[in-house]
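Good morning, colleagues. Please keep the sequence and the structure in view as I speak.

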Amino acid sequence: MGSFIANTDRQQQEMLTAAGYDNFEDLFAHIPDVVKLGRELEIDRGLSEMEVCRKIESLSEKNIVFRHIFRGAGAYDHYIPSIVKEVVSKEEFVTAYTPYQAEVSQGNLQSIFEYQTMMCELTGMDVSNASVYDGATAAAESVFMCKDRKRKSVVISGAVNPAVIDVIRTYCSGRETDINVVPAKNGLTDADAVCAALNSATACLIVQQPNFFGNIEDADRFCRAAHEAGAKFVMSVDPIAMAVLKTPGEYGADIAVGEGQSLGMPLGFGGPYLGFMTTTQKMMRQLPGRIVGQTEDSEGNVCYVLTLQAREQHIRREKASSNICSNEALCALTATVYLSAMGPEGLRQAAELSVNKAHYLQKELEKAGFAPAYPDAEFFKEFVTESPVPPERLMAELEKHGILGGLPLEDGKILWCATEKNTREDIDDLVTLAGEVIC
Amino acid sequence: MNIPEELLYSRSHEWVKFADDETASVGITDYAQEELGDLVFVNLPEAGDDFAVGEVFADVESVKAVSDINCPLTGTISEVNEAIMDEPESINSDPYGAWFVKFEGISEQENLMDAAAYEKYVEEEKAKEE
Amino acid sequence: MKTIFERSVEKRKLSLLPECDVPAVDLEAADRETPLDLPEVSENDISRHFSEMAKSTHGVNDGFYPLGSCTMKYNPKVNDEAASLQGFTNIHPLQPDHTVQGCIGLMKEAEKTLCEITGMDRMTFQPAAGAHGEFTGLLLIKAYHRSRNDLKRNKIIVPDSAHGTNPASAVMAGYEVINIPSKEDGCVDLDALRNVAGDDTAGLMLTNPNTVGLFDKNILEITDIVHKAGGLCYYDGANLNAVIGIVRPGDMGFDCMHINLHKTFSTPHGGGGPGAGPVGCKEFLADFLPGMLPAGEDQLYLKKPQNSIGMMKAYNGNFLILVRAYAYIIMLGREGIPEIAKNAVLNANYLRVMLSGKYVIPYKETCMHEFVMSLEHEKASMDVTAMDVAKALLDYGIHPPTMYFPLIVHEALMVEPTETESKEALDSLIKAFTEIYDKAVEDPEYIKNAPHNTIIERPDEVSAARHPKLRYIPEDN
């Protein structure tokens, strides 16, 4: 049986005696027998560390690890620098608690301060929080930032990731919120329909950039329309794309959120990921979650501390705007190290490589018989094609060669993705195989 | 303990300054600001909002706590003091100058105390604490 | 310590990505015009910078962390190794079911084991944290009442000793919170509960042992009162470490609950996350669970329950955290799991008894895995507060206990040693506390100005809140 209890039987007995108890039963004697389990748990016996490793390894071997990934849809296979993995494995960072005691947490606090700074740089906004669970919950929390007594409805572009829309619906299902999802048109946000949907009861408009189909939106019009209706403009953005595309700050958005997994976190079958939330100076106090601020100690040394805590649940309780307690601290640290390692040029390179590879893939697939679904839209690193064969058949064939193809969509189309990790050779191989399936 | 003669006081430590029967300004007392400690932020309502006696119309934040401010009147907010939102420290340094809101259309008020009665009340509160 | 931005030198960079081997594309879409001001550093700079930061961060590896209600137990390294296996890290969340039989298999096993441990029937792993789990559980309760057309139930009962996330979660789920006062002994006041429980009660949120570390013996009666009124009972799993393997929430009358994997199941705190807050429930609520649940026998697949409340986050929850917890559970197994509670409770009572000579412990009976000290007397007589004593502990390399929680005890310090601390560690805490008390009597100013040996003195939190500086600005520094 595995155990992490240091005290030996003898030491345990010594402590029992010192505390005035005869045995362990004594310690639990005050608990009514009727609620006690009174039997052994019906689970397997414990194991040694070596056996644990064997068992978990054999579980992991039942998964298929694809050597070549061409699927995105919100979770991306970007290159993770080795220094990132090294830094985020440091025991201090891994095992530390939330930095409520500033004097012994300066490293942790400063790293969050650096993270907040970098997220502001990426999105062009003024203020960032210390992160939330993921991009989808970040979008949901942004709705609560915008709602007030007179504005309770939300307009969401149908070109936003359906999983994000699902989470927003679930989050809003408790409190009176009218959610209006305006169906996408030709792979883009339907500008006319969205503008028509905005009114004096709209709290915010949410648009994704690049959108779920990979296409780049012209957000100018939406920002203006939202503001004209007195609503806030929320953009959910791909952080890698922010190295080259016009930022939410430049568009004049009120809130920029998104999924930070691309910034150094592994795919990990869905988590842990990273939800970033940034906003304007004006809306700073509406941000949920932890925030780190710079201050001085009594000797005038620059130092960092959790601040604006009176917004949070542990102080406001039922008057808090969000119940969130944690941030994804270690994931935020991961993003900080990733962005330091990439630097402005490296991030631009990752973005440009992804764009170039995706466009090459699209052209080659088109030649092989996979017509683009939205030929008039410009895309970033993902794009949608028609499929001349049932997508499942294509995927099965690709799987035999260790390739995870694009995501089959409900209407028989396929959402493809390419990043800096896909070489020309990999892409050519994929396209050849795809062509063979058609024949 | 500073307790200006010309003001009226509520049991939850707000001061009220009547301009006439239907209009008044409201803030918190010296005792209140001392109990609350260093204030870092204040959340104010909007002009046009209606409140009744006893309702929470604002709150003040210190580093580790939030305190509700209760309404001593029934009426409509005519003006809010944006300055204290930018400089919450002024509530600590000048509690009777740092008004929170102005009311109009006042129809009701709780049983407000005069300065002498409030002074006595504060003494009793302090004694309770010890 | 310099920020990473201050280490930046123009044109420094790493050599991470290759040249482009496909034609370059010039996008027509609007470009970013504002310069991207990220640090330009070498890998060596990064390595040194974060090493310096790690040295100024107190981890469980650096010393004792007796934080009440946080369960800062030792984080086994085999868990991290399990979670780093490529067979888990390189799996895309949207891979077809037949290619992730290992992941679904792990979820299935974990669900079975955790349900047996908690007395629940089904479990979702989607929630990413305890508070997230609470929100989920409350939405389950809401869905249940809605499904029976019982729409007048709009109130959730919460004891005033509860963690702040409880009422906050209730409000997020659209409920009104009814706070009930605790009795002098910190337990639920049955009369107060009976008074408020009625046909507008959707449910009760409770933890047992409660937040002052005591096991509420009336628990069956409490849950019965709520059930008889037509409400459901939600268990906040934060204190599960006290009773795991000995008492099960499902046997105490709870209908749904969350588990904090980063507390009871040893997954690391990461400096504030990521954690995981799986939600378990009895069969009658299973149909409402969010996310995808494992199904099937030989060929496993993921299935969304028929009347699911939806999705609490995208994809499958913090899967790599679940891997860590699962490694822990199978290592401890049938015999090891109850040993956790036994030793957690022993360690806490040992500390409680040994400290009760010098300090006031408001609740004198046997505690569970944690206990509360009150510094009210010291504040009155010497003006030495819970904060001061906590800061003084920092000089001993010990992380302070939880301060000022629960709210029902004044000048509270809540101590939870966990089962993984050795007798030597506990004795050194007792010694530290004793020395601090004696020093406070002799020279209270010294304690009031603590800590003295840390890299910074007490930070100015008032300025930080009044004039927030939330990002690095080059001109300022």
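Helices here are DSSP runs of H or I with at least four residues, strands are runs of E with at least two, and both are numbered from the N terminus. On that basis, chain A has 15 helices and 14 strands. Please note that this is a predicted model, in which local features need pLDDT of at least 70 and side-chain atom pairs count only at pLDDT 80 or more, while totals for chains, interfaces and linings use all residues. Residues are numbered from 1 along each chain as its sequence is written, and chains are lettered from A and ligands numbered from 1 in the order in which they are written.

Let me begin with chain A. Its C-alpha trace spans about 80 × 55 × 50 Å along the principal axes. Of its 439 residues, 63% are buried, meaning that 20 or more other C-beta atoms, placed from the backbone, lie within 10 Å of the residue's own. The domain assignment, which is of automatic or database origin, gives domain 1 (9-60), domain 2 (68-79 + 345-438) and domain 3 (82-336). Between the C-alpha centres of domain 1 of chain A and domain 3 of chain A there are 42 Å.

How many residues of chain A are in contact with chain C? Counting a contact when two C-beta atoms, placed from the backbone, lie within 7 Å, 168 residues of chain A meet 167 residues of chain C. Helix α13 (residues 329-368) of chain A gives the most to chain A's side, with 22 residues.

Chain C, in turn, is divided into domain 1 (78-332) and domain 2 (338-462). Their centres, taken over C-alpha atoms, are separated by 30 Å. Each of the two domains of chain C brings 18 residues to the contact between them.

Confidence is lowest in helix α4 (residues 115-129) of chain B, with a mean of 89, and highest in helix α3 (residues 89-93) of chain B, at 95.

Strands pair if DSSP finds at least two bridges between them. Strand β5 (residues 50-51) of chain B is joined by two bridges to strand β8 (residues 73-80) of chain B, and the two run antiparallel; here F51(B) stands opposite G75(B). β8(B) also pairs in the antiparallel sense with strand β9 (residues 101-109) of chain B, over six bridges, and V80(B) has V101(B) in β9(B) as its bridge partner.

Notes:
A residue is buried if 20 or more other C-beta atoms lie within 10 Å of its own, exposed if 12 or fewer, and partly exposed in between; C-beta atoms are placed from the backbone. pLDDT is the predictor's confidence in each residue, from 0 to 100.
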